[in-house]
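Please walk through the fold shown below, moving from a single helical residue to the sheet and then to the chain as a whole.

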Amino acid sequence: MSYNQAAVVRVLVVESNPVFRCGLEALLSAGEGLQVVAAVPGVEQIGSVVSQHRPDVVVLGLNDRGDEAGEVGALLNEVLGSGAALRVVVLAHGGRSVEAKVMLRGGARGYLPKDISSDHLVTVVREVCREDEKVFLSAPRSVISSIMSDDRELLSGREREVISLVAQAMTNAQIARTLRIAKGTVKRHLHNIFAKLNAVSRVDAVNKARAAMLITDIAMEAQHKMNLL
């Protein structure tokens, strides 16, 4: 479909918070050139809404729990899988560089904070249908710098070895034996990994490392070498 200044942009709002969902629906409905065709609390309703109302843009609100990167990526895939031509604009609580990177690399056309101004939001929702080559991002400078950085430089080589072994459900003691380092060194590496990935648990760190494509087969190679000794 070709969009122009006269086209009406059909919008689907997905937001779990009922108060915020109603506010988004009212705000976007009042925007010039926008028509909210539905507002639903979760992605499970998207399929039927897309087939019935054929929206152009999905405004997807993320919760404030800080979902793991793997879950966020799966959520985006589910939304985009509902309609080939859908544009997705994400509303998040901001400051989560891995989340932003996963969303933008996964195909989202916009990543904005939930406290964005109403005029800015309306403009972005309208413009994603007119500018096929543009991505709209509003985030702290630190988040933008992280998005632009090379993921391979995010973790050191040893840190990537450690998180790869964590992904195999190894304990700190097992990792230490595999890499022939002290348990205290493993703990120090994990501390650094958690800080760099903004992770809150081992599972969260693994999911974020996978989303950033930091986990490789290096752990399997290390284990294989260990078995040969």
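Ala173 belongs to helix α8, which spans residues 172-179; helices here are DSSP runs of H or I with at least four residues, strands are E runs of at least two, and both are numbered from the N terminus. With a relative accessible area of 24%, Ala173 is partly exposed, a class that lies between buried (under 20% relative accessible area) and exposed (over 50%), computed with a 1.4 Å probe and protein chains only. The C-alpha atom of Ala173 is separated by 9.5 Å from that of Gly184, 11 residues apart along the chain. This is a predicted model, in which local features need pLDDT of at least 70 and side-chain atom pairs count only at pLDDT 80 or more, while totals for chains, interfaces and linings use all residues. Residues are numbered from 1 along each chain as its sequence is written, and side-chain values use heavy atoms, with hydrogens and water left out.

The sheet is open and has six strands in the order β2-β1-β3-β4-β5-β6, with parallel pairing, where two strands pair if DSSP finds at least two bridges between them. Its edge strands are β2 (34-40) and β6 (136-137), each of which pairs on one side only. Helix α4 (residues 97-106) packs on this sheet and touches β3, β4, β5 and β6, its direction making about 150° with that of β5; contact means heavy atoms within 4.5 Å, and the angle, on a scale from 0 to 180 degrees, is taken between N-to-C directions of axes fitted to C-alpha atoms, for helices over the stretch in contact.

Within the sheet, strand β4 (residues 87-92) is largely enclosed by the rest of the structure, because six of its six residues are buried. In a regular strand the side chains alternate between the two faces of the sheet. Both faces of β4 are covered, with Arg87, Val89 and Leu91 buried on one side and Val88, Val90 and Ala92 buried on the other. Five bridges join β4 to the parallel strand β3 (residues 57-61), and Val57 stands opposite Arg87. Four bridges join β4 to β5 (residues 110-113), again in parallel, with Pro113 as the bridge partner of Ala92.

Over the whole protein chain, which has 11 helices and six strands, 48% of the 229 residues count as buried.
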